[in-house]
Amino acid sequence: MSIVRNVVLGAIGVASGATAIKAAKYVPQKRDLGQPTEEMVDAKRCQEHLSKAISIPTISYPDKEKIDFSQFDRFHVFLEEAFPLIHKTLKKEVVQEASLIYHWKGTRDDLEPIALLAHQDVVPISEGTEQDWEHEPFSGHNDGEFIWGRGALDMKNHLIGVMDAVETLLEEGFQPERDVYLLFGQDEEVVASEDGGAKNIMRTLKERGIHLDCVLDEGGAIIPVNVKGILNNKELVGVGVAEKGYTDFEITVNAKGGHSSQPPVHSGLGELANVIKDLENNQFKAELLPFVKELFSNIGRNCTYPARLVMCNLNLLYPLLKFGMTKIPFTACLVRTTTAVTMAQGSPAANVLPQKSSVTVNFRQMPGTTVKDVENHIRKVCRNKDIEVKVLKAKEASKFSPTDSRAFKIIEEICLQDNKDSIVAPYLVMGGTDACYYEPICENIYRYAPYRVSVSLLRCTHGTNERIPVDTVASGVAFFKRFIRKASAE
Ligand SMILES: [Zn+2]
C-alpha cells in the first residue's frame, strides 16, 4: 500500500510542480509596444460638439411616417458648421433620406479603404419617464462631470468623436494613405429594418466596386474590473468580433372556442402554456466558441499568481465553465441562442374561449445558428405538433471577424499603449449594430467604442439618465486619431 501511496503522492507533487511552472509562465505575451503618439485634443470643443449633437432629437421609429427628418437636416447643418475642414476636404453624399457618406481620399490607390461607422439616430424617451431624468433628455447638459442626454452613449459620442478626430487631423495637415470613409446611417435603432440606411450605404459602395480593409463601429467599451486578489485594477476592452441574430416568432395554437360557461379542461391558452414550457425547458445547446476561450485565456493570463494556478488549466475546466455559464443569464447569452417568451394573447373577452392563442418569443441566435434552425428547434421541442409558427421579424447573426487581422492588432496596440493593464479580448455583441450590413464588402469588422464607462452607467443606454463621463470624451477622440493614423497607413 505504501508503494502505491508514494507513487500517487509523487505524481501529485510532480503535477502540482508542473502546474506552478505553467502558471508562472501563463502571462500576457510580451510585446514591444513603443510609445503612443501624443495627440492634441481640444477637450472643451469636443464636449461642446457632443452637447449640441445631443440637443438635436434625431429619433428613429419603426413607423417611418413618425420620423421627423427635419431634425436630421438640422443635424447635418450642425455638422457642417462644427466641422468646416471636413466639409471642405472630404466628399459628402446623402444616401436615402438622411444617411451620410464622407469620403476622404488617400494618397495610395493600391490600398483598400478603411471605414468608421456610426448611426445618427437615437431611441425615443419612453412615455411617462420624461420627468425621471435629472436633466432634460435632449439638453446635452454638461455639469462638469457628465454630459447628459439621449445618445450620450449610444452613439452621438462615437459619431462626434470620429468627426472631431478627423477635423483635428485635418487641422494638423494629416493625409491618409488609404481612403477613409465615415459612414453614418439613419436608422440603426429600428431593429431588423428591411431597407435601412447602412444597407443602402453598403450597396452604394459595392456598386462602385469598393472593398473595405476594415470597419470600426459601436460595440464593446472600456470597463474597469477589480476583483480583489484575482484581477487588480485592470480594464477590460471588449472588441466585438461578431453579433448575435434577432428573431421574433409568433406561435399560435388553434382551438374550438365558444362560450366560457362550458369550457374543456384545457382551453387554447392552456394548450399554449405547454408550448411555453416546452420552449423554456428545452433551451438551445450551449457551446464554448473559440472567442469565449480566447476571452477567458486573456483574462486568465492577467490574473494574479494564485488564480493563474487554476486559470492556466482552463482547457480542463471548459466543461465546468460552460455548465456554470448557462446558469447565469449574464453569461448564458454568450454560449447559446437565447429564448425569451415575451408576449401572449388569448380571446378578446373574459367570457369567450380563445380560438386562436398566440405567444411571441424573441430568440437571439448565436453566430452559426440561422433563423431556419430556430424554427426547426421550435418544431422539434414542442410536443404539440399542430402549432402554427410564423416569423414576425428576423435578422441573421453575423459572421466572426478574425483576431489576427491588421485592424484588430491596431486596436489592441492602441489600447495597450494607452494602459498596459488593459485586457483586450474578443467579444460577442448582444444587440445589433449597423456593422453586419458591411459583410458583403469587408471581412474585418470590429465593434468597439473607446470610452471608459462603468457597467452601471452602460445600463442607462436606451434608458433614463443616459450620460457620459466628460473625462472620457477627449480620450475617445485621441483613440480615433490614433486609429485613423495607423489603420489608414500601409
Ligand atoms: Zn447604437
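Is H462 buried, partly exposed or exposed, and how many other C-beta atoms lie within 10 Å? H462 is partly exposed, because 16 other C-beta atoms lie within 10 Å. (A residue counts as buried with 20 or more other C-beta atoms within 10 Å of its own, as exposed with 12 or fewer, and as partly exposed in between; the C-beta atoms are placed from the backbone.) Before going further, please keep in mind that this is a predicted model, in which local features need pLDDT of at least 70 and side-chain atom pairs count only at pLDDT 80 or more, while totals for chains, interfaces and linings use all residues. Residue numbers start from 1 along each chain as its sequence is written.

## Two domains

The protein chain is assigned domain 1 (43–229 + 233–240 + 398–487) and domain 2 (244–395); such bounds come from an automatic or database domain assignment. The C-alpha centres of domain 1 and domain 2 are 31 Å apart. Their contact involves 15 residues of domain 1 and 16 residues of domain 2, where two residues are in contact if their C-beta atoms, placed from the backbone, lie within 7 Å. On the side of domain 1 that touches domain 2, strand β14 (residues 422–429) gives the most, with five residues. Helices (H or I, at least four residues) and strands (E, at least two) are DSSP runs, numbered from the N terminus.

That side of domain 1 has nine nonpolar, four polar and two charged residues. For these classes, Ala, Val, Leu, Ile, Met, Phe, Trp, Tyr, Cys and Pro count as nonpolar, Asp, Glu, Lys and Arg as charged, and the others, Gly among them, as polar.

F296 and A425 are separated by 129 residues in sequence, and their C-alpha atoms are 8.5 Å apart in space. F296 sits in helix α8 (residues 290–301) and counts as partly exposed because it has 18 C-beta neighbours inside 10 Å.

Two packed helices are described by the angle between their axes and the distance between the axes. Here the axes are lines fitted to C-alpha atoms, for helices over the stretch in contact, and angles run from 0 to 180 degrees between N-to-C directions.

| Helix pair | Axis distance | Angle |
|---|---|---|
| α2 (residues 43–54) and α5 (residues 156–171) | within 10 Å | roughly 135° |
| α5 and α15 (residues 471–487) | within 8 Å | roughly 60° |
| α13 (residues 406–418) and α15 | 10 Å | about 140° |

Because of these angles, α2 and α5 are oblique to each other, as are α5 and α15, and likewise α13 and α15. (Under 35 degrees counts as roughly parallel, over 145 as roughly antiparallel, 65 to 115 as roughly perpendicular and the rest as oblique.)

From α2 the contact with α5 uses C46, H49, L50, A53 and I54, and from α5 it uses K156, N157, I160 and D164. By class, these are five nonpolar, two polar and two charged residues.

Where α5 meets α15, the α5 residues include N157, G161, V162 and D164, while V473, G476, V477, F480, K481 and I484 come from α15. This contact has eight nonpolar, four polar and two charged residues.

α15 also packs with α13: A407, I410 and I414 of α13 meet F479, R482, F483, K486 and A487 of α15. The contact of α13 with α15 holds six nonpolar, no polar and two charged residues.

## Helix α6

Helix α6 (residues 197–207) has G197, A198, K199, I201, M202 and L205 as its buried residues. They pack against β1 (91–95), β2 (99–104) and β5 (180–185). Just after α6, G209 has a positive phi of about 75°.

## Backbone details

Most residues other than glycine have a negative phi, and most peptide bonds are trans. H462 has a positive phi, near 70°, and belongs to the loop between α14 (455–458) and β16 (467–469). N233, in strand β7 (residues 231–243), also has a positive phi, near 50°. N233 is exposed, because 9 other C-beta atoms lie within 10 Å.

Finally, where is M155 found? M155 is in the loop between β4 (146–148) and α5, and the peptide bond from D154 to M155 is cis, with omega near -10°.
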